[in-house]
Amino acid sequence: MDTELSEEFWQGIDQFNRGEFYACHDTLEAIWIEAPVFEKKFYQGILQIAVGLYHLGNHNWRGAVILMGEGLNRLTEYQPEYGGINVEQLIEDAAECLGQVQTAGVDRVSQIVLTDAPSPDPKEQIFLRPPIIQKT
């Protein structure tokens, strides 16, 4: 689809990719509020994944699982790409991350660390690679 997205949107994507999930939420929420009806679910899907990852960083397993799942569901109709975003890859990466969080479970949420670095001692911590939003 040839949808042109704003400079503010790309700022939010950069924040997401740097792991600044709360800032990404703030940036994209301002766009989401004013967005046309069809685009609202797109912005909301990315927002919910970002907030889910923010919750994960605060060891809120339930909030992370619920919001990441809802965000994934909202993005499905925008596959394979929308507005220059590889939505299909984002869904795949976020679903993998969500699955790992669910497998770890609520009792181990405090051991989860979002990072691209390999795990030196997986018995003590669970290292997860957060999804990266890729341009098409």
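Accessible areas here come from the Shrake-Rupley method with a 1.4 Å probe. The model shown in these views is predicted.

**View 1. The whole chain and its surface.** The accessible surface of the chain comes to about 7200 Å², and carbon and sulfur atoms account for 49% of that area. Of the 136 residues, 44% count as buried. Along the principal axes, the C-alpha atoms fill a box of roughly 45 × 25 × 25 Å.

**View 2. The order of helices and strands.** The chain holds 5 helices and 2 strands. Read from the N terminus, the elements run α-α-α-α-α-β-β. The radius of gyration is 15 Å, close to the 14 Å that the globule rule gives for 136 residues, so the chain is as compact as a globular protein of that length. Among contacts between residues at least 6 apart in sequence, 56% join residues at least 24 apart.

**View 3. Helix α4 and its cover.** Helix α4 is made of residues 61–75. At 1.5 Å a residue, its 15 residues should span 21 Å, and the C-alpha atoms at its ends are 21 Å apart, which agrees. The buried residues of α4 are Gly63, Ala64, Val65, Leu67, Met68, Gly69, Gly71, Leu72 and Leu75. Helices α3 (37–57) and α5 (87–104) are included in what covers these buried residues.

**View 4. The salt bridge between Arg18 and Glu20.** The structure holds 2 salt bridges, and one of them joins Arg18 to Glu20. In this pair, the closest N and O atoms are 3.0 Å apart. A salt bridge is counted when a side-chain nitrogen of Lys or Arg lies within 4 Å of a carboxyl oxygen of Asp or Glu. Side chains of opposite charge can pair when their charged atoms come close. Arg18 counts as exposed because its relative accessibility is 53%, and exposed means over 50%. Glu20, with a relative accessible area of 34%, is partly exposed.

**View 5. The salt bridge between Glu77 and Lys41.** Glu77 forms a salt bridge with Lys41, with 2.7 Å between the closest N and O atoms. This pair links distant parts of the chain: Glu77 is in the loop between α4 and α5, Lys41 is in helix α3, and the two are 36 residues apart. Glu77 has a relative accessibility of 42% and therefore counts as partly exposed. Lys41 is partly exposed as well, with a relative accessible area of 36%.

Note on methods:
Residues numbered from 1 in each chain as written. Predicted model: local features only at pLDDT ≥ 70, side-chain atom pairs only at ≥ 80, totals over all residues. Heavy atoms only, no water. Helix = DSSP H or I, 4+ residues; strand = E, 2+ residues; numbered from the N terminus. Expected span 1.5 Å × (residues − 1). Buried < 20%, exposed > 50% of the residue type's maximum accessible area, 1.4 Å probe, protein only. Contact = heavy atoms within 4.5 Å. Rg over C-alpha atoms; globule rule 2.2 N^0.38 Å.
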